[in-house]
Amino acid sequence: MRYCWRFILLGLTLAPSLSIALEPPSGTPLLKVSGDIGTTNVGDQAWFDRDMLEALPQGMITTHLPWFDGASVYQGPLLEAILDAVQARGTELRVSALNDFVATVPVQDASTFNLVLAMWRDGERLEVRNQGPLFVIYPFDQHPEIYNAVYLTRSVWQVESIDVH
(Lines give C-alpha, C1' and ligand atoms only; values in the text may rest on other atoms or scores of the structure.)
Protein backbone atom coordinates (compact mmCIF):
# COMPACT_ATOMS: atom_id res chain seq x y z
CA MET A 1 0.00 0.00 0.00
CA ARG A 2 2.89 2.32 0.75
CA TYR A 3 4.22 1.94 -2.81
CA CYS A 4 0.81 2.59 -4.30
CA TRP A 5 0.70 6.06 -2.73
CA ARG A 6 4.17 6.82 -4.07
CA PHE A 7 3.02 6.08 -7.62
CA ILE A 8 -0.06 8.22 -7.15
CA LEU A 9 2.02 11.11 -5.85
CA LEU A 10 4.54 10.66 -8.65
CA GLY A 11 1.69 10.65 -11.16
CA LEU A 12 0.30 13.88 -9.72
CA THR A 13 3.72 15.47 -9.80
CA LEU A 14 4.27 14.50 -13.44
CA ALA A 15 0.71 15.30 -14.56
CA PRO A 16 0.51 18.04 -17.20
CA SER A 17 -0.46 21.46 -15.97
CA LEU A 18 -4.02 22.61 -16.45
CA SER A 19 -3.02 25.33 -18.90
CA ILE A 20 -2.90 24.15 -22.47
CA ALA A 21 -0.31 25.53 -24.86
CA LEU A 22 -1.81 27.38 -27.77
CA GLU A 23 0.36 27.00 -30.85
CA PRO A 24 0.77 30.04 -33.12
CA PRO A 25 -1.43 29.92 -36.21
CA SER A 26 0.08 28.34 -39.32
CA GLY A 27 -2.49 29.95 -41.60
CA THR A 28 -3.91 33.44 -41.96
CA PRO A 29 -5.23 34.65 -38.59
CA LEU A 30 -9.01 35.11 -38.57
CA LEU A 31 -9.40 36.06 -34.91
CA LYS A 32 -7.22 37.88 -32.40
CA VAL A 33 -8.14 37.69 -28.71
CA SER A 34 -6.52 40.09 -26.23
CA GLY A 35 -7.05 41.58 -22.80
CA ASP A 36 -7.51 39.64 -19.59
CA ILE A 37 -6.47 36.21 -20.89
CA GLY A 38 -4.11 33.61 -19.47
CA THR A 39 -3.02 31.86 -22.67
CA THR A 40 -1.35 33.63 -25.58
CA ASN A 41 0.55 32.58 -28.69
CA VAL A 42 1.58 35.85 -30.39
CA GLY A 43 2.92 38.42 -27.95
CA ASP A 44 0.23 39.15 -25.38
CA GLN A 45 -2.59 37.99 -27.69
CA ALA A 46 -4.08 34.69 -28.80
CA TRP A 47 -4.40 34.39 -32.57
CA PHE A 48 -6.54 31.76 -34.31
CA ASP A 49 -6.53 30.65 -37.93
CA ARG A 50 -9.35 28.70 -39.58
CA ASP A 51 -7.93 25.27 -38.69
CA MET A 52 -7.50 26.26 -35.03
CA LEU A 53 -11.09 27.52 -34.84
CA GLU A 54 -12.43 24.39 -36.53
CA ALA A 55 -10.52 22.21 -34.03
CA LEU A 56 -12.46 23.73 -31.10
CA PRO A 57 -15.84 22.37 -29.94
CA GLN A 58 -18.41 23.42 -32.53
CA GLY A 59 -21.99 24.59 -32.25
CA MET A 60 -24.93 25.02 -34.57
CA ILE A 61 -27.78 27.51 -34.29
CA THR A 62 -30.80 27.68 -36.57
CA THR A 63 -32.41 31.08 -36.33
CA HIS A 64 -33.96 34.03 -38.16
CA LEU A 65 -32.01 37.27 -38.41
CA PRO A 66 -33.55 40.55 -39.61
CA TRP A 67 -30.93 40.93 -42.34
CA PHE A 68 -31.93 37.73 -44.20
CA ASP A 69 -35.12 36.07 -45.42
CA GLY A 70 -36.04 32.91 -43.54
CA ALA A 71 -34.13 30.91 -40.96
CA SER A 72 -30.54 29.91 -41.56
CA VAL A 73 -28.25 27.33 -40.00
CA TYR A 74 -25.08 28.85 -38.55
CA GLN A 75 -22.10 26.72 -37.57
CA GLY A 76 -18.75 27.45 -35.99
CA PRO A 77 -16.81 27.26 -32.76
CA LEU A 78 -18.65 27.87 -29.53
CA LEU A 79 -17.65 31.27 -28.17
CA GLU A 80 -17.28 29.66 -24.75
CA ALA A 81 -14.71 27.21 -26.20
CA ILE A 82 -12.64 30.12 -27.53
CA LEU A 83 -12.80 31.85 -24.15
CA ASP A 84 -11.77 28.60 -22.43
CA ALA A 85 -8.86 28.13 -24.85
CA VAL A 86 -7.43 31.54 -23.94
CA GLN A 87 -8.34 31.26 -20.25
CA ALA A 88 -10.46 34.42 -20.37
CA ARG A 89 -10.88 36.02 -16.96
CA GLY A 90 -13.05 39.04 -17.66
CA THR A 91 -16.78 39.67 -17.51
CA GLU A 92 -17.27 41.42 -20.82
CA LEU A 93 -16.02 41.20 -24.38
CA ARG A 94 -15.40 44.06 -26.78
CA VAL A 95 -16.09 42.42 -30.12
CA SER A 96 -14.64 44.37 -33.06
CA ALA A 97 -15.53 44.04 -36.72
CA LEU A 98 -13.46 44.72 -39.83
CA ASN A 99 -15.46 47.94 -40.40
CA ASP A 100 -14.49 49.23 -36.90
CA PHE A 101 -17.94 48.49 -35.41
CA VAL A 102 -17.57 47.46 -31.76
CA ALA A 103 -20.14 45.83 -29.47
CA THR A 104 -19.89 44.87 -25.83
CA VAL A 105 -21.00 41.30 -25.13
CA PRO A 106 -21.26 39.99 -21.56
CA VAL A 107 -19.09 36.86 -21.12
CA GLN A 108 -22.11 35.24 -19.46
CA ASP A 109 -23.97 35.30 -22.81
CA ALA A 110 -21.48 32.78 -24.23
CA SER A 111 -22.66 30.05 -21.86
CA THR A 112 -26.24 31.21 -21.26
CA PHE A 113 -27.05 31.10 -24.98
CA ASN A 114 -24.33 28.72 -26.28
CA LEU A 115 -23.21 31.45 -28.66
CA VAL A 116 -21.57 30.41 -31.90
CA LEU A 117 -18.87 32.36 -33.69
CA ALA A 118 -20.23 31.27 -37.05
CA MET A 119 -17.91 30.41 -39.91
CA TRP A 120 -20.67 28.81 -42.00
CA ARG A 121 -24.22 29.80 -42.99
CA ASP A 122 -26.42 27.15 -44.57
CA GLY A 123 -23.36 25.10 -45.42
CA GLU A 124 -21.59 27.97 -47.17
CA ARG A 125 -18.35 29.37 -45.77
CA LEU A 126 -18.72 32.94 -44.54
CA GLU A 127 -16.39 35.34 -46.34
CA VAL A 128 -16.04 39.09 -45.89
CA ARG A 129 -18.58 39.68 -48.70
CA ASN A 130 -21.25 37.69 -46.79
CA GLN A 131 -20.74 38.79 -43.15
CA GLY A 132 -17.67 36.62 -42.53
CA PRO A 133 -15.29 35.34 -41.81
CA LEU A 134 -16.79 35.24 -38.29
CA PHE A 135 -20.28 36.20 -37.09
CA VAL A 136 -21.56 36.20 -33.47
CA ILE A 137 -24.84 34.27 -33.53
CA TYR A 138 -27.50 34.27 -30.82
CA PRO A 139 -30.32 31.66 -30.83
CA PHE A 140 -33.12 34.17 -31.36
CA ASP A 141 -35.69 31.58 -32.43
CA GLN A 142 -35.13 29.56 -29.24
CA HIS A 143 -35.15 32.72 -27.06
CA PRO A 144 -37.66 35.19 -28.59
CA GLU A 145 -37.33 37.38 -25.50
CA ILE A 146 -33.87 38.46 -26.68
CA TYR A 147 -34.98 39.38 -30.19
CA ASN A 148 -34.46 43.09 -29.59
CA ALA A 149 -32.00 45.89 -30.40
CA VAL A 150 -29.72 45.10 -27.46
CA TYR A 151 -28.99 41.54 -28.55
CA LEU A 152 -29.13 42.23 -32.28
CA THR A 153 -26.40 44.83 -31.77
CA ARG A 154 -24.27 42.14 -30.11
CA SER A 155 -24.62 39.97 -33.23
CA VAL A 156 -21.45 41.33 -34.76
CA TRP A 157 -20.49 40.18 -38.25
CA GLN A 158 -17.07 40.38 -39.89
CA VAL A 159 -15.52 39.83 -36.44
CA GLU A 160 -11.77 40.30 -36.38
CA SER A 161 -10.96 40.63 -32.67
CA ILE A 162 -12.22 40.16 -29.14
CA ASP A 163 -10.83 42.11 -26.20
CA VAL A 164 -11.61 40.52 -22.82
CA HIS A 165 -12.25 42.88 -19.86
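**Figure 1. Strands E3 and E4 pair side by side.** Seven bridges join E3 to strand E4 (residues 71-77), and the two run antiparallel. Strands (E, at least two residues) and helices (H or I, at least four) are DSSP runs, numbered from the N terminus. Two strands count as paired if DSSP finds at least two bridges between them. Threonine 62 has valine 73 in E4 as its bridge partner. E3 and E4 belong to an open sheet of four strands, in the order E3-E4-E8-E9, with antiparallel pairing. Strand E3 (58-64) and strand E9 (124-125) stand at the edges, each with a single partner strand, so one side of each has no neighbour in the sheet. The model is predicted: local features need pLDDT of at least 70, side-chain atom pairs count only at pLDDT 80 or more, and totals for chains, interfaces and linings use all residues. Residues are numbered from 1 along each chain as its sequence is written, and side-chain values use heavy atoms, with hydrogens and water left out.

**Figure 2. A second sheet holds five strands.** This open sheet has the order E2-E1-E11-E5-E6, and its pairing is mixed. Strand E2 (46-49) and strand E6 (102-106) are at the edges with a single partner strand each, so one side of each is left without a neighbour in the sheet. From one strand to the next, the twist averages 20°.

Figure 3. Valine 33 stands opposite isoleucine 162 in E11. Serine 34 stands opposite aspartate 163 in E11. Lysine 32 has tryptophan 47 in E2 as its bridge partner. Strands of a sheet pair through backbone hydrogen bonds, either parallel or antiparallel.

**Figure 4. The largest nonpolar core has 45 residues.** A nonpolar core is a set of buried Ala, Val, Leu, Ile, Met, Phe, Trp, Tyr and Cys residues joined through side-chain atoms within 4.5 Å. Buried means under 20% relative accessible area, exposed over 50%, and partly exposed in between (1.4 Å probe, protein chains only). Leu31, Val33, Phe48, Leu53 and Tyr138 touch the most other members. Helix H3 (residues 79-85) gives the most to this core, with four residues. What does phenylalanine 48 contact, leaving aside its neighbours within four places in sequence? Its contacts (heavy atoms within 4.5 Å) include Leu22, Pro25, Leu31, Val33, Leu53, Leu56, Ile82 and Val86.

**Figure 5. Leucine 56 sits in a loop.** The loop runs between helix H2 (50-55) and E3. Is leucine 56 buried or exposed? Leucine 56 has a relative accessible area of 15%, so it counts as buried. Not counting residues up to four places away in sequence, leucine 56 touches Phe48, Pro77, Ala81, Ile82 and Ala85. Leucine 56 and alanine 81 are 25 residues apart in sequence and 6.4 Å apart in space, C-alpha to C-alpha.

**Figure 6. Tyrosine 74 and phenylalanine 135 form a ring pair.** Rings of Phe, Tyr and Trp (its six-membered ring) pair if their centres lie within 6.5 Å; planes under 30 degrees apart count as stacked, over 60 as edge-to-face and the rest as tilted. By this rule there are nine aromatic pairs. The centres of tyrosine 74 and phenylalanine 135 are 6.0 Å apart and their planes are at 65°, so the pair is edge-to-face. Tyrosine 74 lies in strand E4 and phenylalanine 135 in strand E10 (residues 135-137), so the pair ties together parts that are 61 residues apart in sequence. Tyrosine 74 is buried, at 1% relative accessibility. Phenylalanine 135 is buried too, at 1%.

**Figure 7. Phenylalanine 113 meets tyrosine 151 edge-to-face.** Their ring centres lie 5.9 Å apart, with the planes at 80°. Phenylalanine 113 is in the loop between helix H4 (107-112) and strand E7 (116-118), and tyrosine 151 is in helix H5, so the pair ties together parts 38 residues apart in sequence. Phenylalanine 113 is buried at 9% relative accessibility, and tyrosine 151 is buried at 18%. Ring pairs link Phe113, Tyr138, Phe140, Tyr147 and Tyr151 into a cluster.

Conventions
Axes fitted to C-alpha atoms, helices over the stretch in contact; angles between N-to-C directions.
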